[in-house]
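Hi everyone, thanks for coming along. Please have a look at the structure on the screen, and I'll walk you through a few spots in it.

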Amino acid sequence: MMNMLRNLRVRHRLLLWYSVLFVLILAVSGGVLYNRVQGWLESHVDTELRTSADGLSAMVETAVRVSVRNRLRAIAEKNIDILKRLEQEVRAGVLSEASARRAAENLLLSQSVGKSGYIYTITVDGVVGIHPNRDLRGRNLSGVEPIPEQLRRRSGYLEYEWANPGEEKTRPKALYMEYFAPWDWIVSVSAYRNEFSGLVDIDDFRSELGAFGVGKSGYVFVLTGKGEAIHHPWLEGDVSDLKTADGIPLVSRMLADQSGEMKYMWNDPDTDTPYMKWVYYRYIPEMDWIVGSTSRFDEIYAPLAQLQFLFFTTAILALLLLLPLSSYLGANITRPLSLLMNKMRKAQQGELNVRADVDAGGEMGELATHFNQYMDRIEEFRDGLRAEIADRVQAELRLQLYEKVFENALEGISITDGEGNILAVNPAFSVITGYSREEVLGQNTRLLKSDRHEADFYAEMWGSLKERGVWHGEIWNRRKNGEPYPEILSISAIRDEDGTVVNYVAVFHDISDLKLKDQELEYHYSHDALTELPNRTLAMDRLGVAISHAKREGGRVAVFSLDIDDFKRVNDSLGHAHGDLLLQAVGKRLVEAFRADDTVARVGGDEFLVSVEHCDDEREIVDMAEEVLRSFEQPFFIKEHELHVTPSIGVALYPEDGDDPGVLVQNADLAMHLSKQRSRNSYNLFTQKMNERISRRIRLEQGMRDALRDRHFTVYFQPKVDLATETVCGMEALVRWEKPDGSIVSPADFIPLAEETGLIVPLGEFVLEASCRAMQVLDGMGCAGLKVSVNLSPEQFSQSDLVEMVEANLEKNGLPPARLELEITESTLMTDVESSIAKLDELVEKGISISIDDFGTGYSSLYYLKNFPIDVLKIDQSFVRDITTDDSDAQIVETVILMARNLGIGVVAEGVETREQLEVLKRFNCEKVQGFYYSKPLPLEKLVEFLQKSERSCSPWD
């Protein structure tokens, strides 16, 4: 179809498009107008039908109310006339007043109004006189609606809601009342409003229904709630089963909806022809009636048929006028165009000097002018092309020369587009980067990017290229195998005539060899050429950094200065070559003796310097110095010689001995020279107090080891007294260190060191064994019921074989488990709760008692009191000491005793020294105590004497 249209001549295409455009515009405008008119008509008829239905409903409701009111009024007035005649007969003496009233009552009660309406009377005081319901007669209803309104008005029409006795819901009613003064009666004729249909005659307002029809074919109708036709142009009787032309129930739907609208197909009763109808209907509840208004659609759309005829007639006439006009206009436009086409055909055949006639007016004249200008430009281009061909030949010759230079250059060269995508590379590029030409073409230069530079570096580089068009500098890129390498790179931007960057040319040279030489020079500058250890310059620099770290972290830095004793003797006897080899071996051994993070440097001759960070423990510093001394105990094998050399070591500490690298090194050198002067093959600390403290610590540790070996430790026992019986019930084992000279070392001095060095484990085992043996001695005295308490340190408690060790000592010494009580601190238990519970359970299962020592000074958690198998709480002496003067301590002690008693746990108060303290504890019902008031810790022989001489003896267990 499109090919056929393209083959038509211009005049024919103009004729066709004009016609199509006209028909399209006419169709669209006609369709819009038609829809607008149709919508307006439907809206107009919808409004008329709705108004008609609403008006009809209002008219019928008003007419019904008027008709009912008139009917009730007529009944009321008729009965008033009867009452007046009866009153006249009473006055005439024909009837007595009582007979007249009975006749009136029978008359009023015999009348019915509608289905359930009736007549009743009330007095002006609200008392019911005559009423069909006998229960209401004689009752005063002046407070029940609508009686107050009746009493106020006495005559007239009234609508109200009423519920008879026994009914839960009210129903709408209406009444008409007249006042009969001689008997003081208000005569009311009432009826329920939903029964008004029995009181209304449709003929009263049938003539008014015709005024509500819509259109010529429209009419109104009235149906009862059961589907009977009260008023309809042709339907009568029950029409509830009436259906539309499509067979859809019509009246039954109206009865179900009661109010609404409907469009439906209906058969013309005269011609039996189906047509569309539109109906609006409303429900009148008082009458149980449905009123409606309907009209036919063909009558609604009658104006549209006229509009369609007018539209099509106008379209045909306009099209007949358009065809010849379009033909004329097409011919007038295409004639000069045909002439121009002939000129262009000649130009196509090669006649470049042909020109068009520019005398034609309008667009054709402009087109002819442009054609002539175009032909002039073609001639110019032809001449220019001939000259350009000659220039291109010369350019190709130069390009071949440039390609030779590009291919044979020693520097790597790459050419990219404006986005950095690689367009060309030379062979040197592939040699340097490892990428072939095929691998990088089309790839972005980010392919070569290394991780040696931050984002700011590349931002500065591209900023320079955008602003100045060039960048030159040193950069790290990455080869294909992932190896980073340095290069000198120059990048130039190539711009087009508009100044837009279209290409980048990069020329680079690999400077890895130069960098390697620089690194070698830097290494030699900072390292000793003989041992390859850091030299003094690098060592001082690293020491400065270590001091900065220590200042920030609050730590320590140790500086070791070492000098090889009698090194000159090696040089003099074996020569400098052997001396150099020895220095190398010494450097390696020092590196092995220290940590990897420590700096070992040779600072000249046979002198070495070591800086150590994170050495907060003084013992660790001494251990390092001793480790260096031990490492020199092994000989050095230099060629065929076995050489024994020793170091002299000096140590200085930051911040105690200085906060400057130079000062620290100077002080370490002084300490080293002191070592060399004293005995050589030794170390010396610069600070005399620290030297003395560490020396004393070392002597104490060594003495403790000797004492364990030589059994210089002994066990003292402090009795525990049962306050209820005033007898000794047990004792606590306390270790003491007796030196050969008879002096006693305080536990406060050696217990912390024993825990720190791990000697507490064998020491604790010694105390346990000695305690078990002491119990055997006491058993020989007849005190078989005494129980000994032995303290367990955290290190002992954490032993995996603790239970086995305790059990083995008991068996070895023949002591029943019930005679042993192990005292454990709170902090020990809370280190690993689950493991502690398991270990305690195992000990308790063996029959061993568990006591919490120093209760109240640790976690004091109720958790372990509930979950741990604890037998005894020992109240710390810090609470007992001030129990008589400090209310807080007294309350704490009393609370602990009460809590333990409630939990079934025993209590021992430590540190009882006065009678006053004892009395307070008795008042708190404390079970057991120990302290200087009864006895200080005693050796075994003194304990035996105490038990034998004291009144508080072991007699209960004899």
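Let's begin with what sits over the buried residues of helix α15: the cover includes β16, residues 557–564, then α16, residues 576–593, and β20, residues 641–643. Keep in mind as we go that this is a predicted model.

So which residues of α15 are buried? In this helix, which spans residues 567–574, they are Phe 567, Val 570 and Asn 571. These three lie on the same side of α15, because they cover an arc of only 95° around the axis. Just past the end of α15 you'll find Gly 575, with a positive phi of about 100°.

Which strands does β23 pair with? One is β24, residues 727–738, which runs antiparallel to β23 and is joined to it by 10 bridges. If you'd like a landmark in that pairing, find Phe 717, which stands opposite Ala 733 of β24. The two strands form a hairpin with four residues between them, and there Glu 726 has a positive phi near 55°. The other partner is β31, residues 928–929, also antiparallel, with two bridges to β23. Here the landmark is Val 721, facing Val 929 in β31.

The largest pocket holds about 970 Å³ of space. It is lined by 37 residues, and those closest to its centre are Glu 732, Leu 734, Pro 747, Asn 791 and Asp 853. Sorted by class, the lining has 16 nonpolar, 11 polar and 10 charged residues.

The second largest pocket has about 460 Å³ of space. Of its 24 lining residues, Thr 445, Arg 446, Met 461, Trp 462 and Ile 491 are closest to the centre. Elements giving two or more residues to that lining include helix α12, residues 455–468, and strand β14, residues 484–495. By class, this lining divides into 13 nonpolar, seven polar and four charged residues.

That's my tour, so over to you for questions!

Definitions and conventions: Residues are numbered from 1 along each chain as its sequence is written. This is a predicted model: local features need pLDDT of at least 70, side-chain atom pairs count only at pLDDT 80 or more; totals for chains, interfaces and linings use all residues. Side-chain values use heavy atoms; hydrogens and water are left out. Two strands pair if DSSP finds at least two bridges between them. On a 1 Å grid over the protein atoms alone, a cavity is a set of points where a 1.4 Å probe fits but cannot get out, and a pocket is an open set with protein on both sides within 12 Å along at least five of seven lines; lining residues have an atom within 4 Å of a point. Grid points are joined across faces, edges and corners, and a volume is the space filled by probe spheres set on the points. Ala, Val, Leu, Ile, Met, Phe, Trp, Tyr, Cys and Pro count as nonpolar, Asp, Glu, Lys and Arg as charged, and the others, Gly among them, as polar. Buried means under 20% relative accessible area, exposed over 50%, partly exposed in between (1.4 Å probe, protein chains only). The arc is that of the directions from the helix axis to the C-beta atoms. Contact means heavy atoms within 4.5 Å.
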